[in-house]
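Work through the exercises below with the sequence and the 3D view side by side. Try each task before reading its solution.

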Amino acid sequence: MKLSKLTTAVVLGVAAAQTHAATDDINVSAIINVGYTEREDFQGIAGYGVDDHAAGLKNGFWTDHTEIAISAPIDDMFFGKVTMVLDEHDGETEVELEEAFIQTTAMPYDLSFRAGRFLSNVGYLNGKHAHTDSFADRPLVYRAFMNGHYYDDGARLSWLAPTETYIELGTEVFKGATMPAYSDGEGVGAHSLFVKTGGDFNESHSWQLGASYIGFKNDEEYCSSHDHGEEDHEPHALEDEHGEAFGACDFSGDKDYYIVDATWKWAPNGNYKYQNFALSAEYFIVEEKGELHHEEEHEEHINVFDEEHHDEIDVEHTGFYVSGVYQFSPNWAAGLRYSEIDFDEPYSDGFKPKVSTAMMEYRHSHFSTIRLQYSQDKSVEHFTDDQVTLQFNMALGAHGAHQF
């Protein structure tokens, strides 16, 4: 969607919200996420085929994942939310409808039902909006395996146990129409299961554990036109030196993700305002079973032609990240993060992409963050990309409390 259409949509949305503002129930908010990144230009590096999400932060000035959200209770039974996101792709500003869902608020037996377009609740980071992260970009494992984050059209049923210890069980079905899923978009193309549990060790220490599964039935025939009616573009992911790219449109079959996550948080006497520390980690196992399509170049006399091949593959990839963030005063925090991926053949011959990140941030208030970040990106073999980023992340209007 072009910027003119976006402007019309935003004006109409805000006007509609203001028309009903007398109820004091409608929340209209926006996140402004802008910055500048100094990094190597990957355009000239052979064997690195990535889209905007997998490549990470753009070189130079950028406006990325700026969002506008409208939410409100519908009645005593339902709640609704719409989130539109502005992103830049190929030099053009586009709008994505990231969320448009209804959710029940009064189902019996502690059940909850959500339907529409929403972020999958698998893993720890995927169900959270990017602006709530403690770093300017998502970990490498999320960018390569989840295209940053996975959202889609579908439905979720979850159950919150009536216990002192937090226990939530849930299942989701999606049509499988956004990366890393690409199917015909008819029926169910993705499904998930998740369990989350957590609690307090004492007043100062809290924890959360999670285990998730999500499976996709992918068909390369639908990869380039899956994106909810947007203009066709063929996303890529990290390629190896031979040109095989994980997540690119060259695989058809079953792709299954198994994710475990763990988080520990500390705050003196439970007071997070002055000092706190958060340690989190996620581990991914990704299995691919199906056909990998590739082309081989042949030379016959004076003619050069490509010969297509479909190879049966049954492979397993793994990846993880670990991050720690220490807020040492009401306004200042610092953090470290490390992420690594181990691709199976034929995507890799033993090289393991990795990224190390350090950041320092200043929060003048809950609504404004200025972040300086350095990343050493070794996701391309025999190449190190030193990245320095200055990010400004600002919230306008009322904004809901962040998840644990």
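The model is predicted, so local features need pLDDT of at least 70, side-chain atom pairs count only at pLDDT 80 or more, and totals for chains, interfaces and linings use all residues. Residues are numbered from 1 along each chain as its sequence is written, and side-chain values use heavy atoms, with hydrogens and water left out.

**Exercise 1.** Find how R39 and D385 are paired, and state whether each is buried or exposed.

Step 1. A salt bridge is a side-chain nitrogen of Lys or Arg within 4 Å of a carboxyl oxygen of Asp or Glu. R39 and D385 form one, with N to O at 3.0 Å.

Step 2. Locate both partners, taking helices (H or I, at least four residues) and strands (E, at least two) as DSSP runs numbered from the N terminus. R39 sits in the loop between β1 (27-38) and α2 (52-55), while D385 belongs to strand β17 (residues 383-396); 346 residues separate them.

Step 3. Compare the accessibilities with the cut-offs: buried means under 20% relative accessible area, exposed over 50%, and partly exposed in between (1.4 Å probe, protein chains only). R39 is buried because its relative accessibility is 8%. D385 has 0%, so D385 is buried as well.

**Exercise 2.** Describe the salt bridges of E288 with K255 and of D153 with R117.

Step 1. In the pair E288 and K255, N and O are 3.3 Å apart. The pair ties together strand β12 (residues 276-300), which holds E288, and strand β11 (residues 251-266), which holds K255, parts that are 33 residues apart in sequence.

Step 2. E288 counts as buried because its relative accessibility is 0%, and K255 is buried at 1%.

Step 3. For D153 and R117, the closest N and O atoms are 2.6 Å apart. D153 is in strand β7 (residues 151-160) and R117 in strand β6 (residues 111-119), 36 residues apart. R117 is buried, with a relative accessible area of 12%.

Step 4. Shared partners join R117, D153 and K175 into one network of salt bridges. The count for the model is 12 salt bridges.

**Exercise 3.** Which residues of the largest nonpolar core touch the most other members?

Step 1. A nonpolar core is a set of buried Ala, Val, Leu, Ile, Met, Phe, Trp, Tyr and Cys residues joined through side-chain atoms within 4.5 Å.

Step 2. The largest such core has 32 residues, and F145, M146, Y150, Y257 and F284 touch the most other members.

Step 3. The elements giving two or more residues are α3 (140-145), β10 (205-218), β11, β12 and β13 (303-327). The largest share, five residues, comes from α3.

Step 4. In soluble globular proteins, nonpolar side chains tend to be buried together.

**Exercise 4.** Where does F320 lie, and which residues does F320 touch?

Step 1. F320 is in strand β13. The relative accessible area of F320 is 26%, so F320 is partly exposed.

Step 2. Contact means heavy atoms within 4.5 Å. Leaving out residues up to four places away in sequence, F320 touches V141, E282, Y283, Y338, S339 and E340.

Step 3. Between F320 and Y142 the C-alpha to C-alpha distance is 8.9 Å, although they are 178 residues apart in sequence.
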